[in-house]
Amino acid sequence: MIETFQKQAENVYILKPIFDRSEGASAEEIRALVESAGGKVCGIKTQVVREVNPATFIGSGKLEEIKEELSDSPADLIVFDGELSPSQTLNIRAALGVDVIDRTTLILDIFALNAKSTEGKLQVELAQLKYIYPRLRGKGAELSRQGGGIGTRGPGETQLESDRRHIRRRIDFLENALKNIETRRNLQNLRRKKNNIKTVALVGYTNTGKSTLLNRLTGADVFVKNQLFATLDPTMRKLPLKNCEVVLSDTVGFVRNLPHNLIEAFKSTLETAVNADLILIVCDATGDYEMQLETTENTLAEIHAESPKIVVYNKCENVADFTPYPKDAVFISALSGLGIDKLLEKIDGFFSDAYVRIEKKLSYPAYGAFGKLSDFCVVQSVNFEEDGVTVRASILKEHYYKFRDVFS
Ligand SMILES: Nc1nc2c(ncn2[C@@H]2O[C@H](COP(=O)(O)OP(=O)(O)OP(=O)(O)O)[C@@H](O)[C@H]2O)c(=O)[nH]1
Ligand SMILES: [Mg+2]
């Protein structure tokens, strides 16, 4: 991956099409996306679109008006908050005389900036190439921005200029490399399953505080930032509970209209949510939590993550009125620690329903029988004494009942 970091923030003019006058025209999210890519917003224009113009998306009269507005703006780049076809991108650029990128390119760019692990980088490059590939048709060089900056991080110029065949080969290579990493991960998952290690996945809209919660619960030191898509690489940490120990995982956040290619590319990291025994959905109680929840649930459905879920409303230290929220909502503040005990109790309850905890001195013959159970329990400690073995362990209920006489 080629990354071209700009020393100076680019001035970005946001063009946000809306299709219905009554639709919320908040540009907060696209502004946050631009800032996460290192851009500085120098203007925002929301434009009602009644009918999409196939050539320029927005009607030519409106484009004239925007051009006028841009004449005394420092804008280096226009970010269009929607998906544009290659010819629309070129036509808008020609009409306005400023570089244009669409929402997908922007999101891919942020991902390219934030990917740290080998796998993350491969995934982002694959998503970028898959986005570019069908759009090339000889327009690669024309479509790529001259110089560096937002929208050029990732595969960048050199590969854009080369032919489709080269890109096709690179896509195949990346897919293979990712498959190998996935195989390794599947083996780890199997091992975890075999050892009966339970997993909890933190998922949710980006910037809701998932990594902060992971840090709070496990004392980990995961990168936290008031930025969209701060986390791309999955992190796993042990979380000791009353009755057993689980593995808590943190991964990429979701966003509305997350490009499908990205979900595809990140499927294997998102697998942690698919395989989890319990999913914690983290919402930002101070934001548009209904939209966050809907986006998260849709994305989870798309990747077939069907495990039981607990919804947590974070940043609650800033909530003054709790009446609008669902009655069974779990409120926490990952930052201050408020409500964390209650959440832990809830997670504990979930798992203790599945486990029976034993602390018992077993005779040596009984301990022999206990050995057969080891696949179905989490052993906390084993103490060998003269007259027997003291075992502390959590055993899956169904197996505990099958082997009940061992413990009686
Ligand atoms: N006020 C307040 N801010 C919080 C709380 N929890 C997290 N934050 C802030 O929210 C921002 C995002 O936190 P992260 O933990 O990086 O969020 P994330 O969900 O992991 O974000 P991505 O990895 O980017 O998807 C940071 O500025 C945090 O300090 C909270 O309980 N209260
Ligand atoms: Mg994070």
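Predicted model: local features only at pLDDT ≥ 70, side-chain atom pairs only at ≥ 80, totals over all residues.
Good morning. I begin with the second largest pocket of this protein, whose lining residues divide into six nonpolar, 13 polar and four charged.

The protein chain is divided into domain 1, covering 11–159, domain 2, covering 196–352, and domain 3, covering 355–407. Between the C-alpha centres of domain 1 and domain 2 there is a distance of 30 Å. The contact between these two takes 21 residues from domain 1 and 20 residues from domain 2.

I turn now to the largest pocket. What is its volume? The value is about 870 Å³. There are 32 residues lining the largest pocket, and the closest to its centre are Glu28, Glu29, Tyr205, Arg256 and Met291. Both domain 1 and domain 2 take part in this lining, each with at least three residues.

Which element gives the most to the lining of the largest pocket? That element is helix 1, with five residues. At least two lining residues of the largest pocket come from each of strand 1 (11–18), helix 1 (28–36), helix 4 (103–114) and helix 12 (289–302). By class, the lining of the largest pocket divides into eight nonpolar, 13 polar and 11 charged residues.

Around the second largest cavity we find Phe111, Val252, Gly253, Phe254, Leu258, Leu262, Ile263, Phe266 and Leu270. Of the residues in that lining, eight are nonpolar, one is polar and none is charged.

In what order do its three strands stand? The order is 11-13-12, in an open sheet with antiparallel pairing. Strand 11 (355–362) and strand 12 (377–385) each have a single partner strand and stand at the edges, so one side of each is left without a neighbour in the sheet. On average, and with direction ignored, neighbouring strands of this sheet are turned by 5° against each other.

Phenylalanine 384 has valine 389 of strand 13 standing opposite.

Two helices accompany this sheet. Helix 14, residues 364–371, packs on the sheet and touches strand 11, strand 12 and strand 13. The direction of helix 14 makes about 30° with that of strand 13. Helix 13, residues 340–354, lies across strand 11 and strand 13. Relative to strand 11, helix 13 runs at about 65°.

To close, I return to the two pockets. The largest has a volume of about 870 Å³, and its lining draws on domain 1 and domain 2. Thank you for your attention.

Technical notes
Residues numbered from 1 in each chain as written. Chains lettered and ligands numbered in written order. Heavy atoms only, no water. Pairing = 2+ DSSP bridges. Helix = DSSP H or I, 4+ residues; strand = E, 2+ residues; numbered from the N terminus. Axes fitted to C-alpha atoms, helices over the stretch in contact; angles between N-to-C directions. Contact = heavy atoms within 4.5 Å. 1 Å grid on protein atoms, 1.4 Å probe; cavity = no way out; pocket = protein on both sides within 12 Å on 5 of 7 lines; lining within 4 Å. Points joined across faces, edges and corners; volume = space filled by probe spheres on them. Nonpolar A, V, L, I, M, F, W, Y, C, P; charged D, E, K, R; others polar. Domains from an automatic or database assignment.
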